[in-house]
Amino acid sequence: MHLHYADPMGEFSLRTEVAQYLRAARAVRCEPEQVLIMSGAQQALDIAVRSLVDPGDAVWVEDPGYLGARFALRAAGANLIAVPVDQDGMMVAAGTQKHANARAAYVTPSHQFPTGAVMSMRRRLELLSWAEEHDAWIIEDDYDSEFRYVGRPLASLQGIDASSRVIYIGTLSKMLFPGIRLGYAVVPANLVEAFKGAKITMDRQPPTLQQAMVADFMRLGFLTSHIRRMRNQYREARDVVVEAVTESMGDLIDIEIPECGIQLAVHFRSDVSDVDISRGALRDGVSVAPISRFYLNSPARQGLLLGYSGFDARRLRIAAHRLAAVVRSMS
Ligand SMILES: Cc1ncc(COP(=O)(O)O)c(C=O)c1O
């Protein structure tokens, strides 16, 4: 049954489940006919960029921001316009000042990568009205909003977009695991054919057997109970890491306690190199991402992203103390 060539947009059963989930959990306005199953958010980003951006087109990106999006944009020959980010997310007015006629904007409004900022409603509305006025596209990457520990998440940008300018992208990498390589794009009806064409050109179709399994998993309610269970585990893991890094190097860093997601950002108080520190930590078996790498033009803050999913409390505490020893020796 699942051995043949099939719909390039993905199995209808999975697209139906995804549409239903996104309507309920993220207030995305969609029908299964607008959902394309992708090989992770990365393929969705790449296909969005191939479909919407011509070489030389200006595209706003968050600064600091996600490298995977920048890679796809650079590969398409886009002219990256670095738009700074503050506690309310992308600073839309700065984007307008730098390049009002950009073709598109790439944003992570639910949980800005890597700062963790949640885009305020004012900024969301500003971004949407910019897109409408300038006939621009918004690529909304909603990669990890399921794991929110405080309050309810803000609805997606797509859900408040009255003029069909938003391409909504999500993934099962955080909800389930990255090796599953399943993500999705929800596209305005007039873009469906273009996205479908790009998908056929790239890899014909997503693997059918895997999609059928995930569709059943969702239909039987396992995904929502899994998310609920993991949210509690990740909250505990976050608290363990916050406590361990505060205790072992609280005098050297500023900690931003995340209200959602599976990673924590810390910034150094003194003038140290986060790249050197991450290399030192790796030699001691601790893998952390230097935050300065995610900056494009804005002055880079030195800090680290600490991922806390997939480890038990004991290993997280050991890692935090090893990392603190490296930071202390280099500070
Ligand atoms: C901002 C952002 N977008 C998307 C993804 C997920 O990509 P994928 O679904 O390709 O694993 C990640 C993963 O780390 C991410 O940080």
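The exercises below work through a predicted model.

Residues are numbered from 1 along each chain as its sequence is written. As the model is predicted, local features need pLDDT of at least 70 and side-chain atom pairs count only at pLDDT 80 or more, while totals for chains, interfaces and linings use all residues.

**Exercise 1. The partners of S12**

Task: find how S10 and S11 pair with S12, and name a bridge partner for each.

Solution. Step 1: S10 (residues 263–268) pairs with S12 (residues 303–307) in the antiparallel sense over five bridges. Here His267 is the bridge partner of Gly303 in S12.

Step 1: S11 (residues 289–290) also pairs with S12 in the antiparallel sense, over two bridges. Pro290 has Leu304 of S12 as its bridge partner.

**Exercise 2. Two helix contacts**

Task: describe how H1 meets H7 and how H2 meets H3.

Solution. Step 1: the axes of H1 (residues 12–26) and H7 (residues 208–219) come within 8 Å and cross at roughly 40°. Axes are lines fitted to C-alpha atoms, for helices over the stretch in contact, with angles from 0 to 180 degrees between N-to-C directions. H1 is therefore oblique to H7; angles under 35 degrees count as roughly parallel, over 145 as roughly antiparallel, 65 to 115 as roughly perpendicular and the rest as oblique.

Step 1: the contact (C-beta atoms, placed from the backbone, within 7 Å) involves Ser13, Leu14, Glu17 and Tyr21 of H1. On H7, the residues include Gln211, Ala212 and Val214.

Step 2: by class, the residues of this contact are six nonpolar, two polar and two charged. Ala, Val, Leu, Ile, Met, Phe, Trp, Tyr, Cys and Pro count as nonpolar, Asp, Glu, Lys and Arg as charged, and the others, Gly among them, as polar.

Step 3: the axes of H2 and H3 come within 9 Å and cross at roughly 35°. Gln42, Leu45, Asp46 and Val49 of H2 meet Gly68, Ala69, Ala72 and Leu73 of H3. This contact has five nonpolar, two polar and one charged residues.

**Exercise 3. The ligand shell**

Task: say which residues come nearest to the ligand and which helix gives the most to the shell.

Solution. Step 1: of the 13 residues around the ligand (C-beta atom, placed from the backbone, within 6 Å), Gly40, Ala41, Gln42, Thr171 and Ser173 come nearest.

Step 1: helix H2 (residues 40–52) gives the most, with three residues.

Step 2: the shell has five nonpolar, seven polar and one charged residues.

**Exercise 4. Backbone features in loops**

Task: locate two cis peptide bonds.

Solution. Step 1: the bond from Asp63 to Pro64 is cis, with omega near 5°. Pro64 lies in the loop between S2 and H3 (67–75).

Step 1: the bond from Phe113 to Pro114 is cis, also with omega near 5°. Pro114 lies in the loop between S5 and H5 (121–134).

How values were computed:
Pairing = 2+ DSSP bridges. Helix = DSSP H or I, 4+ residues; strand = E, 2+ residues; numbered from the N terminus. Contact = placed C-beta atoms within 7 Å.
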